Amino acid sequence: MVYISDLKSHHGKDVTLKGWVINKRSSKGIEFLILRDGTGFVQCIVDEEKIGAEMYETARKLTQESSVELTGKVVKDDRQIGGSELHVTNLNLIHLNDNNFPITNKAHGVEFLMNNRHLWLRSKKQWAIMRVRNSIIYGIHNFFQKQGFMQMDAPIFTGNAVEGTTTLFETDFYDRPAYLTQSGQLYGEAMAMAMGRIYTFGPTFRAEKSKTRRHLSEFWMIEPEMAFFDNEMNMDLIEEFIKSVVKEVTERCKLELEVLDRDFDILGKVVSEKFPRISYDEAVEILNGRKEVNGITSIDLLNKDKKELEEKIVIVKKEIAEREEILEDPNIKQGKKNFVQNKIDTFKNELKDLEEKLSHIPEYLNSAKNFKYGNDFGGADETVLTRMFSLPIMVYNWPKDIKAFYMKRAEDNDNLVKGVDVLAPEGFGEIVGGSERETDLEVLLDRIHGHNLPEEVFDWYLDLRKYGSVPHSGFGLGLERFVGWITNTKHIRETIPFPRMYGRLNP
Ligand code: 4AD
Ligand code: MG
């Protein structure tokens, strides 16, 4: 059997494809079918004269999501998505879908799509996101395996919290309380003391009782942990890692990223330019507008964005109005009418985007001006900070009170810890959290008590500081947030096949 993604190597030859019809158009004795088989999309031409009346009749009756086997000649056609077309000589119906497929080309509400996630996954955009997710996973393993890291699996049932006690999912483990893991890190640290450099890649769980575009209850995390690494080396590795995966994905997923309308320039910049590294202190100064980046303060840049958005909105509104006037002509031909209406729809979408962006600016200005030193950055703060650079940024040296107990204190300031967060641009927020780990047993005990964590469950973890304790560091990349950023998908729920989040357990 041949797959659509391989058609390029079959130009001029006869092949058989199996797949589903996603769309169909007819014109005088010819049916144009768009077929998908999971590897791609191809236009298939069914000509009544060539295929005969009976099979042509079958083609004519095909509905969206009917499944077929098509044989025909592969013809090169650069205008087509994928660069090929199939001239059908035989059609074999596998299943005629005689129920209306719930998801059509028209706009559907998110609740409806989420309830039909099992079917929604078949649509083009979801196909592209899932394919990119797959390539990202491949790129991640590739990067670490090539460097000699060992993959390890951390347990899912755990006895202790890692990232605070407020987001624990409690379960019953043979009459004892157990928690679904929030992070494999502590086990990763133990393994790093045995293997040197490791990475975990598994599901993690956080009870987040809020519906945001960035939070899932079940998400996948990649957590490398390296013995003899300080936080500088950690930051170097994070940057190299992100660049490597982005590069690989842009090479392997050209078609998918095109389907998603992803801006390749932005991703190219990520691969080629150095990520700015700024301390938390500097970040606050930049956010507050007390420190310029590239000659401009945050407040001035936001006001500039506001003005530009307002100007663009005026232009787009004018484009729409002009075209609506054209439609008023009673003699307009149907073809032209469709063409103009399509343009109007595109402009209307753009207008919606621009208006939405504009509506956030007051909130951004407010959060920038009023951000208080010592607080954690919220979504709006992260958006403003990354807007200043248009690149992922690494924020290091954080106030200890807003970070986890295991982070190593800074040598020169007892209020700071050597943590690092990577914030993705374009509003995608924190994609990586990491740090150098505290090695001093006394300090660690102090932090455990300070965070009101029960000392007994950390017995084994504290042992790591008793036997050949070494400087070590690591980080965690949230897979879904990363996929969201690379695919430019606003809401994280579309970046995992079956999302689990507050209010969503089905399908
Ligand atoms: O910053 P976090 O909480 O760090 C840790 O878990 C560390 N133990 C990692 C380490 O050093 N080994 O989480 C890491 C990343 C975040 O930056 C974010 O990308 C993602 O995990 N993340 C979530 N993604 C989706 N939904 C949630 N509820 C998430 N919480 C964190
Ligand atoms: Mg974090």
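Predicted model: local features only at pLDDT ≥ 70, side-chain atom pairs only at ≥ 80, totals over all residues.
**Entry 1: the whole chain**

I began with the overall numbers. The protein chain carries 16 helices and 17 strands. Its C-alpha trace spans about 85 × 55 × 45 Å along the principal axes. I checked burial next: of the 507 residues in the chain, 48% are buried. Lys343 sits in helix 12, residues 334-370, and is partly exposed at 36% relative accessibility.

**Entry 2: the ligand site**

Which residues come nearest to ligand 1? I found 24 residues around the ligand, and the nearest are Glu163, Gln185, Arg206, Glu223 and Glu430. I then went through some polar contacts. Glu163 puts a polar side-chain atom 2.7 Å from a nitrogen atom of ligand 1. Arg206 has a polar side-chain atom 2.9 Å from an oxygen atom of the ligand. Gly433 takes part through its backbone, with an N or O atom 3.4 Å from a ligand oxygen.

**Entry 3: Arg206**

Arg206 got a closer look. I located Arg206 in the loop between strand 10 (197-205) and strand 11 (218-227). What does a buried arginine do here without a salt bridge? The nearest side chain of opposite charge is Glu163, 5.0 Å away. The cut-off for a salt bridge is 4 Å from nitrogen to carboxyl oxygen, and Arg206 has none. What I did find is a polar atom of the Arg206 side chain 2.9 Å from the backbone oxygen of Gln182. The Arg206 side chain also has the 2.9 Å contact with a ligand oxygen from my last entry.

**Entry 4: salt bridges**

Side chains of opposite charge can pair when their charged atoms come close. I searched the whole structure and got 33 salt bridges.

- Glu57 and Lys61 form a salt bridge with N to O at 3.9 Å. Both lie in helix 2 (residues 53-61), and because they are four residues apart, about one helical turn separates them. Glu57 is partly exposed at 29% relative accessibility, while Lys61 is exposed at 51%.
- Lys247 and Glu251 form another, with their closest N and O atoms 3.4 Å apart. Here too the spacing is four residues, so the two are about one helical turn apart in helix 7 (residues 231-252). Lys247 is partly exposed, with a relative accessible area of 43%. I also noted a network, in which salt bridges with shared partners join Asp236, Glu239, Lys243, Lys274 and Arg277.
- Glu480 and Arg133 meet at 2.9 Å, N to O. This pair links distant parts of the chain: Glu480 is in helix 16 (residues 479-487) and Arg133 in helix 5 (residues 124-147), 347 residues apart. Are these two buried or exposed? Glu480 counts as buried because its relative accessibility is 1%, and Arg133 is buried too at 8%.

**Entry 5: a nonpolar patch on the surface**

I looked for nonpolar side chains on the outside. Phe157, Phe173 and Tyr174 form a nonpolar surface patch, with about 370 Å² of accessible area together. Phe173 belongs to strand 8, residues 170-173.

Most residues other than glycine have a negative phi, and most peptide bonds are trans. I listed the exceptions I came across.

- Lys28 is not a glycine, yet its phi is positive at about 30°. I placed Lys28 in the loop between strand 1 (14-27) and strand 2 (30-36), and it is exposed at 84% relative accessibility.
- Asn397 also has a positive phi, near 55°. This residue lies within strand 13, residues 393-399.
- The peptide bond between Asn506 and Pro507 is cis, with omega about -5°. Pro507 is in the segment after helix 16.

Key:
Residues numbered from 1 in each chain as written. Chains lettered and ligands numbered in written order. Heavy atoms only, no water. Patch = residues over 30% accessible without salt bridge, like charges linked within 9 Å, V, L, I, M, F, W, Y side chains within 5 Å. Areas by Shrake-Rupley, 256 points an atom, 1.4 Å probe, with all protein chains shown as cover. Near = heavy atom within 4 Å. Polar contact = N/O pair within 3.5 Å; in protein donor to acceptor, adjacent residues only side chain to side chain. Buried < 20%, exposed > 50% of the residue type's maximum accessible area, 1.4 Å probe, protein only. Lys, Arg positive; Asp, Glu negative; His and termini not counted.
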